[in-house]
Amino acid sequence: MNDDFDDPEQQRLTLTDGKYVDIKKRLNHGETEDLFARISPYGVGVNRREVRTAKIEAYLLGWNLTKKGVPVPMSPDLPENVRIDTIRAMTTGRAVEIHQAIEAHEAAMEQAAGDLKKTRGGTPAVDPISPLPSAPAGPSDTSVN
Amino acid sequence: MITGVVASVRWHYYTAAGIHGYTIAPCNKAGTAWDLVATVLLSDAFKMAQTPLVFVAMHTKKGLDGQCVVKTEWRWPILSCRLEAHQLTARLGPPVDTAHE
């Protein structure tokens, strides 16, 4: 049976130049809500400035990125504004690479979830087009007109 | 007995509780069990009910060169705990490992 609450799991995504990022394998409901709220705070349109940064921030747990050879801290323990500022300070190339890696990870997870649903398929317990219990059996020959 | 200020309770990569002020005392000479009393600033009720929980005490000290600051984490597994009115009392197992930054 499928669980309704996941245990946190992390996954390492390999980048170019021997670099990597550690990310959450899945976002839970609250984290997804936070991500949507950041991307579209008022529910209408999207905040273009936040779209990629917010997704990276939502997933990111750690990395081995450096500045002049010195490791740059990244951890869930850091304040959110520090995490956001650090992500925004990355080179565009590295940020795009991380975002694309996360998007590919998301697509793979969705694909895996879809495949799992298919294998669990089978005959549904209730026929979705079965008549209501109160509906008359057979054709009706009465009319109000 | 160990006393400190900054610590947290972790569930996997999540912080289940942020602590400001704690005391740890060994229950036996072998150091296989410890008692924790801590003041909790913020906590997540769901995460605090999960397992495994780990108590993480953070402290900083100067490196061998006397200048750079080394952040160290000491970790104890939480065997059982009780959180009431911002006071956390817990029974800890032996410290597992330390992380340096």
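Student: What makes β5(B) and β6(B) a pair of strands, and in which sense do they pair?

Tutor: The model is a predicted one. Two strands count as paired if at least two bridges are found between them. β5(B) and β6(B) have six bridges, in the antiparallel sense, and therefore they meet the criterion. Within this pairing, Leu83(B) stands opposite Leu88(B).

Student: With which other strand does β6(B) pair, and over how many bridges?

Tutor: β6(B) also pairs with β3(B), in the antiparallel sense and over six bridges. Here Trp34(B) has Leu92(B) as its bridge partner.

Student: Why are the side chains along β6(B) said to alternate?

Tutor: A residue is called buried if 20 or more other C-beta atoms lie within 10 Å of its own. Leu88(B), Ala90(B) and Leu92(B) are buried and point to one face of β6(B).

Student: What makes a set of residues in chain B a nonpolar core, and which residues have the most contacts inside the largest one?

Tutor: The members must be buried, belong to the nonpolar types that are counted, and be joined through C-beta atoms within 7 Å. The largest such core has 20 residues. Those with the most contacts inside it are Val9(B), Ile19(B), Tyr22(B), Leu36(B), Ala38(B), Phe55(B) and Leu92(B). β1, β2, β3, β4, β5 and β6 of chain B each supply at least two residues, and β2(B) gives the most, with five.

Student: Which residues does Phe55(B) contact beyond its neighbours within four places in sequence?

Tutor: Phe55(B) is in contact with Ala7(B), Val9(B), Leu36(B), Trp76(B), Ile78(B), Ala90(B) and Leu92(B). A second, separate core of eight residues includes Val21(A), Ile23(A), Leu60(A) and Ile98(A).

Student: How many bridges join β1(B) to β2(B), and what lies between these strands?

Tutor: Nine bridges join β1(B) to β2(B), and the two run antiparallel. Ala7(B) stands opposite Ile19(B). These strands form a hairpin with two residues between them, and His12(B) in the turn has a positive phi of about 55°. β2(B) in turn pairs with β3(B) over eight bridges, again antiparallel, with Val37(B) as the bridge partner of Thr23(B).

Student: Turning to chain A, which strands are called edge strands, and why?

Tutor: Three strands of chain A form an open antiparallel sheet in the order β1-β2-β3. β1 and β3 are the edge strands, for each pairs on one side only. The twist averages 25° from one strand to the next. Five bridges join β1(A) to β2(A), and at least two are required, so these two strands are a pair. Thr14(A) has Tyr20(A) as its bridge partner.

Student: What makes the crossing of α2(A) and α4(A) left-handed?

Tutor: The term means that the near helix is turned anticlockwise from the far one by less than a right angle. The helices pack at an angle of about 65°, with their axes 10 Å apart, and their crossing is left-handed. The contact is made by Arg52(A), Lys55(A), Ile56(A) and Tyr59(A) of α2(A) and by Ala95(A), Ile98(A), His99(A) and Ile102(A) of α4(A). By class, there are five nonpolar, one polar and two charged residues.

Student: Which residues of α2(A) are buried, and against what do they pack?

Tutor: Ala54(A), Ile56(A) and Tyr59(A) are the buried residues of α2(A). They pack against β2, α1, β3, α3 and α4 of chain A.

Student: Why is Glu31(A) called partly exposed?

Tutor: Glu31(A) has 13 other C-beta atoms within 10 Å. A residue with 12 or fewer would be exposed and one with 20 or more buried, so a value in between is called partly exposed. Glu31(A) lies in helix α1 of chain A. The C-alpha atoms of Glu31(A) and Ala58(A) are separated by 6.8 Å, although the two residues are 27 apart along the chain.

Student: How many residues of each chain take part in the contact between chains A and B?

Tutor: Four residues of chain B are in contact with six residues of chain A. The chain B side has two nonpolar, two polar and no charged residues.

Definitions and conventions: Residues are numbered from 1 along each chain as its sequence is written. Chains are lettered from A and ligands numbered from 1 in the order in which they are written. This is a predicted model: local features need pLDDT of at least 70, side-chain atom pairs count only at pLDDT 80 or more; totals for chains, interfaces and linings use all residues. Two residues are in contact if their C-beta atoms, placed from the backbone, lie within 7 Å. Ala, Val, Leu, Ile, Met, Phe, Trp, Tyr, Cys and Pro count as nonpolar, Asp, Glu, Lys and Arg as charged, and the others, Gly among them, as polar. Helices (H or I, at least four residues) and strands (E, at least two) are DSSP runs, numbered from the N terminus. Axes are lines fitted to C-alpha atoms, for helices over the stretch in contact, and angles run from 0 to 180 degrees between N-to-C directions.
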